[in-house]
Amino acid sequence: MTDLLEKLRRALTAHPPGRKYLVGVSGGRDSMTLLFCLHVLGYKKLIVCHLNHGLRGRAARADSALVSTTARRFGYLVCVEETEVRAHAVKQKLSVETAARELRYAFFRACAKAHRCSSIFLGHHADDQVETCLFNFLRGTGAAGLSGMKAVTHAHGLRVIRPLLGLSRDEITAFVKENDIRFREDATNAHFSHTRNRLRRRVIPAIEKAVGPAFRAAILRAAEILRDEESWMASMAPEVGKALCCETLRSMPIALRRRVVIQWLRQEGVPEPGFAETNLVLSLLDAKDGPAKVNLRGDRHARRRTGRIFLEGPIG
């Protein structure tokens with residue numbers, strides 16, 4: 001067994017192969033590697049989930065064909081669907097990236113319901129983690145964002161499992177070549193219009209050139225520390241309902257106040273809440289000079305009325 005497969009096998013200890021799982025497969029290098037490895041490691045009850053985002057025409061249909069063919073060759077059930085991300089982005093006033101993520105998780109939830117399985121494997125790896133931590137730092141998301149992705153988390157109504165988080169992009173690339181794994185390269189990954197692509201192709205290489213490659217390990221180490229601290233701090237925050245009580249919020253220290261608000265925004269499905277969105281909501285606490293309503297992403301609005309703050313507008 002190669003080093004990569006052994007590392008993956010250890011990462012999957014709590015997720016035995018006899019159970020049923022969904023696996024999100026785009027057709028790219030990482031998800032096709034994950035699918036191949038799960039097959040080799042004896043996972044026989046997989047439902048392969050692939051969403052065509054409607055962004056790349058013929059190329060995207062070729063992605064779907066590769067995923068479907070590979071999944072059936074391995075003996076897996078396949079869920080394939082096509083959607084229109086740009087239309088959703090315009091309608092909900094979202095970035096294309098955020099709209100794609102929303103529709104992708106909605107698709108995963110539909111697959112989970114159809115197959116009575118709420119656990120899904122995703123192919124995020126260590127370099128994705130570095131990008132996520134930097135991206136969240138720039139967005140001002142606080143400790144929760146800086147701690148990055150968890151190997152196992154409950155989000156979007158799913159149990160999300162990321163077994164490749166301990167593996168680097170270079171390790172995956174070498175494994176792909178060694179095992180001749182077929183995958184599709186998404187041409188939009190080279191477009192600098194997407195923030196993550198600029199981070200991956202410009203910012204991170206510049207940091208690496210300036211301070212050396214060890215910075216990636218430093219970020220991953222800091223993220224691990226912050227995940228533990230975040231877990232402890234989260235236990236200190238009270239549970240929140242559909243609305244926030246202004247008097248209760250005002251009585252809290254500012255750090256706890258911010259934590260409660262961002263937890264509430266995430267819980268209520270506001271896309272990508274960060275420092276700016278948190279402060280907008282907190283501005284509603286100023287009943288004398290502050291606004292009574294603020295606009296948020298996803299065509300959502302936070303409003304203060306009769307001493308309570310609540311959300312209005314469409315969801316998803």
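Predicted model: local features only at pLDDT ≥ 70, side-chain atom pairs only at ≥ 80, totals over all residues.
**Exercise 1.** Work out how helices H4 and H5 are oriented to each other, and which residues meet.

*Solution.* Start with the geometry: H4 (residues 85-92) and H5 (residues 96-115) pack at about 110°, and their axes are 8 Å apart. Angles of 65 to 115 degrees count as roughly perpendicular, so H4 and H5 are roughly perpendicular to each other. Next, look at the contact itself. H4 brings Val85, Arg86, His88 and Ala89, which meet Val96, Ala99, Ala100, Glu102 and Leu103 of H5. Sorted by class, this contact has 6 nonpolar, 1 polar and 2 charged residues.

**Exercise 2.** Describe helix H2: its span, its buried residues and what they pack against.

*Solution.* Begin with the span. The 12 residues of H2 (29-40) reach 16 Å from first to last C-alpha, close to the 16 Å expected. Now find the buried residues: Ser31, Met32, Thr33, Leu34, Leu35, Phe36, Cys37 and Leu38. Their packing partners are helices H1, H3 and H8 together with strands S1, S2 and S4. Finally, step past the end of the helix: H2 is followed by Gly42, with a positive phi near 90°.

**Exercise 3.** Find which element gives the largest share of the largest nonpolar core, then trace the contacts of Val48.

*Solution.* The largest nonpolar core has 30 residues, and Val23, Leu35, Leu38, Tyr43, Leu46, Val48 and Phe121 have the most contacts inside it. H1, S1, H2, S2, H3 and H8 each give two or more residues to this core. The largest share, 6 residues, comes from H2. As for Val48, leaving out residues up to four places away in sequence, its contacts include Val23, Leu35, Val67 and Tyr76.

Technical notes:
Residues numbered from 1 in each chain as written. Heavy atoms only, no water. Axes fitted to C-alpha atoms, helices over the stretch in contact; angles between N-to-C directions. Helix = DSSP H or I, 4+ residues; strand = E, 2+ residues; numbered from the N terminus. Parallel < 35°, antiparallel > 145°, perpendicular 65-115°, else oblique. Contact = heavy atoms within 4.5 Å. Nonpolar A, V, L, I, M, F, W, Y, C, P; charged D, E, K, R; others polar. Expected span 1.5 Å × (residues − 1). Buried < 20%, exposed > 50% of the residue type's maximum accessible area, 1.4 Å probe, protein only. Core = buried A, V, L, I, M, F, W, Y, C linked by side-chain atoms within 4.5 Å.
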